[in-house]
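Colleague: I have a model open here and would like to go through a few spots with you. Could you walk me through them slowly?

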Amino acid sequence: MNDDRNVLGGELAPCGTDPVTGFYRDGTCSTGPDDLGSHTVCAVVTQEFLAQQRELGNDLATPRPEFHFPGLRPGDRWCVVAARWLQALEAGVAPPVVLEATNAQATQVIPLETLRRHAVDVPPDIRSLT
């Protein structure tokens, strides 16, 4: 049973299932002792964020079939390492955050007010926006 909480104190909502995200590839930003990177920030990735991550050696856009990873596109929801999100913030390219799907553990690295300033309300299926 998952007892992770979100940064708002509620039940941790799903972050993304297409592609399936999370350290445990369960669609949520759940974390545990084996998640050394703390994949706890549910971000809606942007082109700028993906480009910055590629420059830093963390290529999230290129498909990696051997790992069953399709590559991310702008608009995908992805559980991002908290320190990587903070690094993107400092570079001016922090992607929006889904607070209900961001693990409370992220606040050990990023202040809650900072996450709130970057919050966005995006439905789980962005196709419903068209």
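**Around the start of the chain**

Modeller: Let us begin with threonine 31, which is found in the segment before β1, the strand that covers 39-44; please keep in mind throughout that this is a predicted model.

Colleague: OK, and what does the side chain of threonine 31 make a polar contact with?

Modeller: The partner is the side chain of aspartate 35, and the polar contact between the two side chains spans 2.9 Å.

Colleague: And which residues is threonine 31 in contact with, leaving aside its neighbours within four places in sequence?

Modeller: With those neighbours set aside, threonine 31 is in contact with Asp4, Tyr24, Ser38, Thr40, Asn103 and Gln105.

Colleague: Is serine 38 buried or exposed?

Modeller: Serine 38 counts as buried, because its relative accessibility is 18% and the cut-off for buried is under 20%.

Colleague: Which other residue has a positive phi near 50°?

Modeller: That is arginine 25, again a residue other than glycine, and arginine 25 likewise lies in the segment before β1. Its relative accessibility is 46%, so arginine 25 counts as partly exposed, a class that runs between the 20% and 50% cut-offs.

Colleague: Switching topic, where is there a cis peptide bond?

Modeller: A cis peptide bond joins aspartate 18 and proline 19, with omega at about 5°, and proline 19 lies in the segment before β1 as well.

Colleague: Now pockets: how much space lies in the second largest pocket?

Modeller: The second largest pocket holds about 390 Å³ of space, and the elements that give two or more residues to its lining are α1 (47-55) and β2 (77-81).

Colleague: Which of the elements gives the largest share of that lining?

Modeller: The largest share of the lining of the second largest pocket comes from β2, which supplies four residues.

Colleague: Last one: how do the lining residues divide into nonpolar, polar and charged?

Modeller: The lining of the second largest pocket has nine nonpolar residues, together with six polar and four charged ones.

How values were computed
Residues are numbered from 1 along each chain as its sequence is written. This is a predicted model: local features need pLDDT of at least 70, side-chain atom pairs count only at pLDDT 80 or more; totals for chains, interfaces and linings use all residues. Side-chain values use heavy atoms; hydrogens and water are left out. A polar contact is a pair of N or O atoms within 3.5 Å; within protein, one must be able to donate a hydrogen and the other to accept it, and residues adjacent in sequence count only if both atoms are side-chain atoms. Contact means heavy atoms within 4.5 Å. Buried means under 20% relative accessible area, exposed over 50%, partly exposed in between (1.4 Å probe, protein chains only). On a 1 Å grid over the protein atoms alone, a cavity is a set of points where a 1.4 Å probe fits but cannot get out, and a pocket is an open set with protein on both sides within 12 Å along at least five of seven lines; lining residues have an atom within 4 Å of a point. Grid points are joined across faces, edges and corners, and a volume is the space filled by probe spheres set on the points. Ala, Val, Leu, Ile, Met, Phe, Trp, Tyr, Cys and Pro count as nonpolar, Asp, Glu, Lys and Arg as charged, and the others, Gly among them, as polar.
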